[in-house]
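Please walk through this structure from its surface to its pockets and then to a few individual residues. The sequence and the coordinates come first.

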Amino acid sequence: MKILKYKISKIFIYLFLSLLLIFTLFPLVYAFFGSFKSNLEFLAGGSNIFPEKWNIENYIFAWREANFARYTFNSVFISVMTTVLTLIIAGMASYVLVHIAGKMKGFLMALMGMVMFVPNAVLIYPIFKMCKMLGLMGSLWSMVLTQTASVLPFTVILVTSYMSGVSKEIEEAAEIDGCGFFGIFLRIVMPLSKPILATSALFAFKNAWNSYLLPLALSISKPELRPLTVGVLALKDVGEGISSWNIMIAGSVISIVPMVILYIFMNRYFIEGMTSGSVKG
Amino acid sequence: MRTTYKNKKHRFGCKIQIALMLAPLLALFLLFNVYPLLCSVFYSFTKYNGVAVQSFVGFDNYKRMFHDTSWWKSVWNTLQFTVMGYVVQVPLSLLTAVLLNGKIRGRNFLRTTFFLPNVTSTAIIGIIFYFMFASYNGIVNGLLQSVGLIERPIEWLANVTLAKWVIILLNTWGQFGFFMVLFLAAIQRIPLELYESAVIDGANTRQKFTRITFPLLGSMFPVITMMVILNAFQLFDSVKVITNGGPGNETSVMALHIYNYFFSTSGAQQGYASALSVGATVITALVGALYLGLTGKKFHDS
C-alpha cells in the first residue's frame, strides 16, 4: 500500500515536471522551427510545429534586405563594449571601495542600492536628453555608456562584497615586495576575483544584449543604430504588418541563439551569480 | 584606508590613484543615474515640451495626475500584475525547487533548463508569445482546435482579461526558474541533521516540508517578494510588445504610460511625464516600504 502510494506520487511529480519542461521549451522550439517555415505557411497557422518544407529564405532575407546584419553587429558591439567597460570600471571602483572607509563610502553604496529601485522608465527621458547634450546621439556609444551605467550599481555591490573577502595577508605581502596600490589591484586582486568577474561579465553582457527600453529610446530617430531587440520589434508596427512575421521570427532566433549557446557553456556562472547577488543583497 | 600605507608621500600618491580609479564610476553614476533623477523632479514643476522650459507651473502637473483616470488605471494594472504575478510565480517556483531538491532523474538538466528563460530577452520572447496567441494563425488556437477543445478561435489579445493573463504567463515563463534557483539555494542551506532527526521522530514528507523547509525558508521570502514588486514596477517590455496597452488603454502599466507621454509623436508632454515619473517612484517606494514595514516586525519576532 505504502509502495503504491509512493509510486503514484512519483508519477504525479514526473508528470508535473514534464509539463513544466514543455512549457519552458515550447516558445523556443516553436520559434526555432517556425523560422524555417515560408511566410505563407507561418501565416496559415494550424497546429504544426515543424515546417512542411524547410527553407532558409527568411534568414537570407532578414540578413540581406531587412538590415539584420547591421542590427546584429550593433548588438555585438554594444554588448561586448558594455561588458568590457563594466569590468574595468566596477573592478577599479570596487577595489577602492573595499579599501576606504567612512561616510562617503556608505553614502555611495546606499545611493547605488536605492537607484536600483527606481523604475527605468522614469530615467529614460533625462538620459535621452543627456546623450543629446554630450553629442552621443548618433553613435552606438550612447547605448554602451547608458547600458554600462545601468548595470554598474548592481555589479559594484556584487564585486565589492566578493573583494572584501580576498585575503589581506596576500595584499600585504605584495606591498612589502614593493607592489603599489594599483599594482596590487592589477596583479593580485583582479586575478583572485575571476569567478565574480566572470559572473559580472555575463550579467552585463546579458543585460546589454536583451535590453529593449533604453535602445528603443536612443535609436528613435536613427534606425541604423538599432540592436536586434529593437530591430525585430520595429517590424511589428510598420505598414506591412503581418507580411513581415517571417522576418521577425528569423530575427528573434538570431537574437536568442547566441545567448542560449553562451548559457549552455557557462550556465554555472549565470546561476551562481544570480543567487549570490540576491542572497547577499 | 588600511594602516599599512604609512609613508606620507606614498599616501598622497595613493589618494590620487584612488580618485582616478573611482572617477569613471562616479562620472557615469552622476551623469546617467543621479542627474536624470534630479532632472525629472525639476521638470515635473514645469510646462516643458522637450525643447525649452516654457513656464513654471508649480504643482499643476501633480494636480493633473490626481485627476488622470487613465494614469490611475495603469497604476491599478501595475498592482494587479504584481499581485497576480506573485500568486502564480512564487508557489510554482517553490514547488519546483522542493521537487528538484529531491531524488529526481535528470534534476540537473531540469534545473538548468528551467533557468534558461532568464537569459533571453523579454521583448523578443514577447513577440513569440504574440505570434503564439494570435487569433487566426496562432499555434495556441491551432492546437486547441485540433484537439477539439474549442470550436472557434479565441481572441486572446482583444479581450482584456485574457490579454492580461497572456502577459502574466509570459512573465511567469521568464521568472519562475530564477525564483526556483533562489529557493533551491535557500533550501540547500538548511542543515540536513534537522531532516534526519525528524525522520527518526517519524515525520513524513509533508510534515518535513511544513515543519522544517517552509519555516526555514523565511529569509528567502522577503528577498523574492521584493524582487517580484520591483520587477512588476519595471514592467514595460512584455506589455509594450504584447498589447501596447490595448485594447484601448485597458492593459497599460505605469512605465508604458510614462514612456508614451515622453516619446509621443503627437505632442509629447515632458513636464507632465516627469510628474508621472516622480509619482511612479513614490508609489514604488511606498509599496516597498509598506511591505518591509508589514513583514519587518514579523521577521524580528521569529
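A nonpolar patch on the surface is formed by A:Leu4, A:Ile8, A:Phe12, A:Leu15, A:Leu19 and A:Ile22, which together have about 630 Å² of accessible area. The model is a predicted one. A:Ile22 counts as exposed because its relative accessibility is 52%, and the cut-off for exposed is over 50%.

Helix H1 of chain A also takes part in the next feature. The second largest pocket holds about 1,400 Å³ of space. It is lined by 30 residues, and the closest to its centre are B:Val98, B:Gly102, B:Thr205, B:Arg206 and B:Lys208. Two or more lining residues each come from helix H1 (2–34) of chain A and, in chain B, from helix H3 (69–101), helix H4 (107–115), helix H7 (160–188), helix H8 (192–200) and helix H9 (205–216). By residue type, the lining of this second largest pocket splits into 14 nonpolar, seven polar and nine charged residues.

How many salt bridges does the structure hold over all chains? There are two. In one, B:Lys63 is paired with B:Asp60, and the closest N and O atoms are 3.8 Å apart. Both B:Lys63 and B:Asp60 belong to helix H2 (residues 60–67) of chain B, where they are three residues apart, about one turn of the helix. With a relative accessible area of 52%, B:Lys63 is exposed, while B:Asp60, at 42% relative accessibility, counts as partly exposed.

The other pair is B:Lys73 with B:Glu250, whose closest N and O atoms are 3.4 Å apart. This pair links distant parts of the chain, since B:Lys73 is in helix H3 of chain B and B:Glu250 is in the loop between helix H11 (237–242) and helix H12 (254–263) of chain B, 177 residues apart. B:Lys73 counts as partly exposed because its relative accessibility is 28%. B:Glu250 is partly exposed too, with a relative accessible area of 32%.

Most residues other than glycine have a negative phi. B:Asn244 is not a glycine, yet its phi is positive, about 50 degrees. B:Asn244 lies in the loop between H11 and H12 of chain B, and at 36% relative accessibility it counts as partly exposed.

Where in chain A does A:Asn67 lie? A:Asn67 is found in the loop between helix H3 (57–64) and helix H4 (68–99) of chain A. A:Asn67 has a positive phi of about 70 degrees, although it is not a glycine. Its relative accessibility is 36%, so A:Asn67 counts as partly exposed.

A last pair of residues gives a sense of distance within chain B. B:Glu193 is part of helix H8 of chain B, one of the helices that give two or more residues to the lining of the second largest pocket. B:Glu193 counts as exposed because it has 54% relative accessibility. From C-alpha to C-alpha, B:Glu193 and B:Pro117 are 34 Å apart in space, and in sequence they are 76 residues apart.

How values were computed:
Residues numbered from 1 in each chain as written. Chains lettered and ligands numbered in written order. Predicted model: local features only at pLDDT ≥ 70, side-chain atom pairs only at ≥ 80, totals over all residues. Heavy atoms only, no water. 1 Å grid on protein atoms, 1.4 Å probe; cavity = no way out; pocket = protein on both sides within 12 Å on 5 of 7 lines; lining within 4 Å. Points joined across faces, edges and corners; volume = space filled by probe spheres on them. Helix = DSSP H or I, 4+ residues; strand = E, 2+ residues; numbered from the N terminus. Nonpolar A, V, L, I, M, F, W, Y, C, P; charged D, E, K, R; others polar. Patch = residues over 30% accessible without salt bridge, like charges linked within 9 Å, V, L, I, M, F, W, Y side chains within 5 Å. Areas by Shrake-Rupley, 256 points an atom, 1.4 Å probe, with all protein chains shown as cover. Salt bridge = Lys/Arg side-chain N within 4 Å of Asp/Glu carboxyl O. Buried < 20%, exposed > 50% of the residue type's maximum accessible area, 1.4 Å probe, protein only.
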